[in-house]
Amino acid sequence: MSEMLLLSDPAREPLQASFSDEANPVGLDGIEFIEYLTAKPQALGHVLEMTGFRPVARHRSREVTLYRQGGLNVVVNAHPADAKGATLPETPQISAIALRVRDARAAYRQVLDRGAWEVPTHPEAMELNIPAIHGAGGSRIYFVDRWQEFSIYDVDFVPIPSVERHPPATAGIHFFGIVQYIGLGRTYDWVEFYTELFGMTLIADEERFGIMPLGKLLRAPALHAGNRFMIQLIEPEPDAAENDDREHLQRIGLGVPDVLAAVQALRSLGLEFVESGAAHSGQRGAISKTYLGGVLFELVHSDTTPGVAP
Amino acid sequence: MIRDPRSLRRTIAAIGMDTITLAGPLEAKLEAMAQAGFSQVMLKANDLVGHPQGWEAAVAALKASGLRGTGFQVLRDFEGLSGHLHQYKVDIAKTMLEMCAALGCKVLLVCSSTSVHASGDVDHLARDLRKLAMLALPLGIRIAYEGLSWGRHINEFTTAWDVVARADCPNLGVGLDSFHILAAKTPLSALDDLDPGKIFLVQLSDFMWQETRTFEERMATARTYRVFPGEGVHTAEVAEMVLKLDALGYQGDYSFEVFNDDYVQMPLPMVCERARSSALWLAEDVMLRGAPLPGQMRLHRAGNAKITFESHH
């Protein structure tokens, strides 16, 4: 096969060559959705509802439900075939992050060229084929570009009758970041991964948000400043047991303009917060109890304008 | 001379054998190594794909043996290619990485290219190795790039280090092999220029000839006539190399990369016994020499009782 066959027509004018801003190499613009994989979709749905999310749509061909509040989408996947040969996990796991990018195909090609792993996806007829790569601990990173003109959910999902399709955010909740647990000595590996593939930048150790300051923080660039988000990398304690070395996406961080008001609002929905000497709700942030063996949410004080609603 | 047993045990735990040295099924090799007191093993792709019960059985055998995988070898002729050749090698590399991950090995050994199709442009080589390191990264695997002494463009650890430094990726480092260093007669003083934290693997062997001038001679010797450290004519240089690495602060693993046509037709316990003697020589007479430990003098006077691996289990 000649290399020439793989190349598309060169553009006649150098106007719309692939997006190549060095500070934002794949044209990142925030998070489109977060996906959980679980054998207990209803139990997880209950926790999500206590966190202000509402179920709004169901997938056409799989046991998958879309939860939403404001600009945040959370996909709960209980489709057995998506467990990759294993059984669905009893403890819900964050199994994918979908990134909004300017051009999904171009972004996908670019990251593959830099050493990302492509993940085969298996859409059914008339469903979207969303390109994906391997992320931390077997999770996936999807690339989505069709979020401004129409919603990807209009294609693959059927709205749940008689529910508000765009429920407002509780207490101004917006996406703040993802916390990733990593193996011992792996911080700079993962920093390299996110900077090389996505143009994320390490922020100073003095700059911390919320009440859980461990590890390193990376900031993702965005076409619209309000869509920037954080990735926090946390290694185990050096003397931790070997099985604590597992790498995974551990929790979602939610930004709120007024943490104590948000704590109060979510408490009234049934969500409980950790109140101990080591961690307790304050104006900087709060952390929920851990549900179902591994699901928790962190609140972080953030005035950032919530992302554009889909 | 008797050393602090804890220190001796630690030193010996840092040394492993390679499956390439032994004949027979994987299970028999692992058992013989464990019997001889080793706690780690350098595996090769054929241990998986050549296993009669399939690669899952090979993974299970390693687990059952209790041995730790030092690393996995070897990806060849990866860097410097273009177009469809590059894409082909990326696919090969991904499969090697998956096998390496299945075995729980944290290091993939990559030998510098011998391909006539490979570019010698350092930026190109660095770009390809960086991409390989990115592929290895989510799997928690580190890439050890080794300058093969008959590599087309990169044939010494000094130039391999240049490429690694240019690529600048945290999970990309160098692998050192005493054979290639001695065969190419690279001055050991150049080891001082390496960052010990970027040496991901050290392979040790000795050989019987003083000189290997041509690439052909090096290849033939490397593939048929290596012996364990201390068994050949380069004992002093191997010892000097290990001492230099120790002084530099290298804290990683050593593996015995011994290709030898005779050893693959000898009973496994006999070959492993030779490996064990070599490991004891390194641990007792070489590596601890530079680091006298508390209580050493008292132990020294205690006599010359032979220290064996078993006595410290």
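Trainee: What share of the 313 residues in chain B is buried?

Mentor: This is a predicted model. A residue counts as buried if 20 or more other C-beta atoms lie within 10 Å of its own. Among the 313 residues of chain B, the buried share is 50%.

Trainee: What radius of gyration does chain B have, and why does it agree with a compact globule?

Mentor: The C-alpha atoms of chain B fill a box of roughly 65 × 45 × 35 Å along the principal axes. A compact globule with 313 residues would have a radius of gyration near 20 Å, so the value for chain B agrees: 19 Å.

Trainee: How many helices and strands are there in chain B, and what part of its contacts joins residues 24 or more positions apart?

Mentor: Chain B has twelve helices and ten strands. Taking the contacts in chain B with a separation of 6 or more, the part from residues 24 or more positions apart is 83%.

Trainee: What distance separates the centres of domain 1 and domain 2 of chain A?

Mentor: In chain A, the assignment gives domain 1 as 20-159 and domain 2 as 170-301. Taken over C-alpha atoms, the centres of domain 1 and domain 2 of chain A are separated by 19 Å.

Methods: Residues numbered from 1 in each chain as written. Chains lettered and ligands numbered in written order. Predicted model: local features only at pLDDT ≥ 70, side-chain atom pairs only at ≥ 80, totals over all residues. Domains from an automatic or database assignment. Helix = DSSP H or I, 4+ residues; strand = E, 2+ residues; numbered from the N terminus. Rg over C-alpha atoms; globule rule 2.2 N^0.38 Å. Buried ≥ 20, exposed ≤ 12 C-beta atoms within 10 Å, placed from the backbone. Contact = placed C-beta atoms within 7 Å.
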